[in-house]
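Please look over the model shown here. The paragraphs after it begin with a single contact and then widen to the chain.

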Amino acid sequence: MLFSGIPFLFFFFPCVLILYYLAPKSLKNSVLLISSLFFYAWGEQKYVILFAISILCGYVFGLLIENTRGKALKRLFLVLSVTQNLAFLCYFKYADFFISNFNAATGLSVPLLRTVLPIGISFYTFQILSYTVDVYRGDVKAQRNPVDLGAYISMFPQLIAGPIVRYSDVEKQLKDRTHSMAKTSLGVRRFTIGLAKKVLLANRLGELCDMFRASGEQSVVFYWVYAVSYCLHIYFDFSGYSDMAIGLGHMFGFDFIENFNYPFISKSVTEFWRRWHMSLGSWFRDYVYIPMGGNRVPKWRQIINISTVWMLTGFWHGANWNFILWGVYFAILLMIEKFFLMKYLKKSKIISRIYLLIVVIISFLIFNATDVKQAWVDTVSMFGFGNLPVFSAETLYYIRSYGITLIIAIFGATPAAKILAEKADKNEGILKVKNALECVVIPAILVICTAFLVDGSFNPFLYFRF
C-alpha cells in the first residue's frame, strides 16, 4: 500500500485516523500497532509473521539484556539479537547474491533460493538493532510493554522506507505525546507537500528516465538530462516519502527526525552526506563507524573504517555489485576530501558546488545501473566517449516536454522557496494572506495529486526495494 495510492489516501488512512482519535489514550498505541500490521500485511501477507517474530525477538532480547547480571551474559544476548536480525536480513536480501557469485567463481550450479525481499526489512531491522544496542549501552530502558515496542517498530508512517527512527527519539512520546489541531494541521501540510513532491515531480521525472532508457536516439545531452532527472527523481521520491512520514507522525502526535536538508546545495561530499538520508548516515556513524574507532585512530585505521562503513552502506541499498561500487566510490571521495581536498574546496564556493554536483550525478548513474558494465557505459557516454551525437531531435522533444518540470524540480531542490516564505512570514499582512490561502491551496494540491494518480500508472517508491 503506497502513501501516494488511492486505497491509502481515501480508505485506509482516514479510517485509522478516526479510530485513533476516538480511542482512549491507553489504547492509541494498540490502534497504531494493529493498523500497522494490517498495513504491512496488505502487501506482504506471507511475511507478516516474520515481521511479528522480529518484533517479538527485539522485545525479548531487550528485556534479557537489561535484566541480566554479568557483562559477558549481556553481551551474549546482544550478539544473539544482532545475529538473529542480520540472519533474517542476509537470508532474504543477500543469499541469492552470494550464491550467484559463488557459482560464478567456482563454476558450480548451486540453485538459487529465489527468496522474495520482505518490504521494509532493511529499515525495521536497523530500528530493532539500534534499540537492543542502546539498551545494552544503557542509553535507554528496555520497553516492558510489548504493544508500545511493537507500535514503535511497526509504525506504518515510517515502516516501509524510513526515516530510521531510533527508539531513544520516541521513547517518551510512546507514553506521553501531544495531540492538537495545530500539530494535526502541521502534519496535513507536511504530508501534502510530500505527496506533491512524489506525484507531481518524482513521478514525472521517473517517466522521463524510463523514456531515456527506451529511446533509440540517445545523445550526450540526453545523457545529462537523464542523469540530472534521475538525481532529482530519487531526491523528490525519497524526500517526498520522508515528508509524508513526518507529516503522518505529527498527526499521531510524534515528532520524527528530519531526513533531508537540501543536499544539492552542499560544497563537498562530506557535507552532502550530512544532508542526504540523514537518519541512515547517523545510524552508520553511531553504530558502526564510532565503535570501530571513528577518527580517534591512526590514518590507516581511519581508511579501513571509512571503507568498511561505505561498503556496508552501499550493500545495505541492494544485493548488487553496482551498489557496492557506489559505496566504494563515496568512500574514496570522502577519504580524498578528508586527507587532501577539503582545504582547497573551502577556497571557492562556486568550484566546490560544481565539483559536488558532478560527482553526485555520476554516483547516481552508478546507483541506477543494472550492473557495473552499464554504470561504466552511462558515465563515459555522458562525457562524450560513447560514439554518440552531441544532440538529437528526440533530445529536444523531451527537453520541451519535461523542461518546466525540470526547472521546477531544480528550484525546489534548493532552499530558495523556504527562504522566501520565511521572509514573507515576517510581514504580518502577507502572513495573514498566506494563512488564508493555505486553506484553499492544500486541498487544491490534494485534488490535483488525486487526479494525477487516477489518470497515471507510474507510481513506485524507489526505496521499497531496499
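The side chains of Asn259 and Ser279 are joined by a polar contact of 2.8 Å. A second polar contact, of 3.2 Å, links the side chain of Asn259 to that of Ser242. A polar contact here is a pair of N or O atoms within 3.5 Å; within protein, one must be able to donate a hydrogen and the other to accept it, and residues adjacent in sequence count only if both atoms are side-chain atoms. The model is predicted: local features need pLDDT of at least 70, side-chain atom pairs count only at pLDDT 80 or more, and totals for chains, interfaces and linings use all residues. Residues are numbered from 1 along each chain as its sequence is written, and side-chain values use heavy atoms, with hydrogens and water left out.

Asn259 sits in the loop between helix H10 (220–251) and helix H11 (269–275); helices are DSSP runs of H or I with at least four residues, strands are E runs of at least two, and both are numbered from the N terminus. Asn259 counts as buried because its relative accessibility is 1%, the cut-off being under 20% relative accessible area (1.4 Å probe, protein chains only). Leaving aside residues up to four places away in sequence, Asn259 touches several residues, including Pro163, Phe238, Arg275 and Trp276, where contact means heavy atoms within 4.5 Å.

Across the protein chain there are 19 helices and 0 strands. Of its 466 residues, 52% count as buried. Among contacts with a separation of 6 or more, 76% come from residues 24 or more positions apart. The C-alpha atoms fill a box of roughly 70 × 65 × 50 Å along the principal axes.

Definitions and conventions: Buried < 20%, exposed > 50% of the residue type's maximum accessible area, 1.4 Å probe, protein only.
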